[in-house]
Amino acid sequence: MIRVDCLKDPHLMVLQEVKTEDFLRKIVIFKDLSQQSLDVIEKRIQTFSFKKGDRVISEEAVAGGVFFVHSGAVKLTKKDDSCNEIIVCIKQKGDIFAEACLFTQKTENYPATATMLQDGTILFLDKMDLERDLYEYPELAIQMIRYMSDSLREMTSQLRDVALLDVYAKTVKTLERLGKKFNTGQNRWDIEIPLTIQEFATVVGTTRESVSRVFSKLKKQEMIDMKSRKIIILDWCRFCTLLHPHI
């Protein structure tokens, strides 16, 4: 059994008899590591099971480590001074979050609040342990740098879309990006994005009313549907032609 010594929460269930190595090979930064490096990580990892709606971390809490999504989906949110919440990004299987707390020279809080969008399994590594491993194992450090570089590039693209595109274009672009995240099985039909219209509007960076107008148009074109607080892309191939007509 993996013992809990970092996340104390009465609703938290610790997975028992897990095959940690199998989990780690599915995480982006671990999948190509040597067996020696993987063995070191495996000894330190903690594995937790969460339900939809569970809060994993809060931006008011002191950062204690880095998290890896093995299954399910996580939304990262921040609040402004008026307590309005925006979704910064969504993390899916194989993604990392709270990595911004690494290598800081002072005590830092977590960069955002993380809440489960779906039931899932989350891996946890203590910040100090991971920092030591990154110093000791250059291949692990390189993989982490590559991941953070890709994440920064993706965030830059999202900021460009929010700043420069009209509401229709950035709504469709955001649907396309999230569709790719949640279409892990390369399915063509009925791709489910577990967000409400209000949550989706915060991702896009616009109002609920503006997104609703675009959604109404897309529903009339039979591109999307809304069911049980989920956005459903009905036909991926048709949907991709909206902004890429020559595909």
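Lys-75 stands opposite Thr-115 in strand E8. This is a predicted model, where local features need pLDDT of at least 70, side-chain atom pairs count only at pLDDT 80 or more, and totals for chains, interfaces and linings use all residues. Residues are numbered from 1 along each chain as its sequence is written, and side-chain values use heavy atoms, with hydrogens and water left out.

**The sheet**
- Four bridges link E5 (residues 74-79) and E8 (residues 113-116), and the two run antiparallel; strands (E, at least two residues) and helices (H or I, at least four) are DSSP runs, numbered from the N terminus.
- They belong to an open four-stranded sheet, ordered E3-E8-E5-E6 with antiparallel pairing; strands pair if DSSP finds at least two bridges between them.
- At the edges sit E3 (55-57) and E6 (85-91), each pairing on one side only.

**Helix H6**
- Seven of the eight residues of H6 are buried, so this helix is largely enclosed by the rest of the structure; buried means under 20% relative accessible area, with a 1.4 Å probe and protein chains only.
- Among the buried ones are Ile-197, Glu-199 and Phe-200.
- Just after H6, Gly-205 takes a positive phi of about 85 degrees.

**The wider region**
- UniProt lists residues 165-237 as "domain: HTH crp-type" in an unreviewed entry; such annotations may be inferred rather than shown by experiment.
- Over residues 165-237, the chain is 53% helix and 21% strand, and the end C-alpha atoms are 22 Å apart.

Methods:
Buried means under 20% relative accessible area, exposed over 50%, partly exposed in between (1.4 Å probe, protein chains only).
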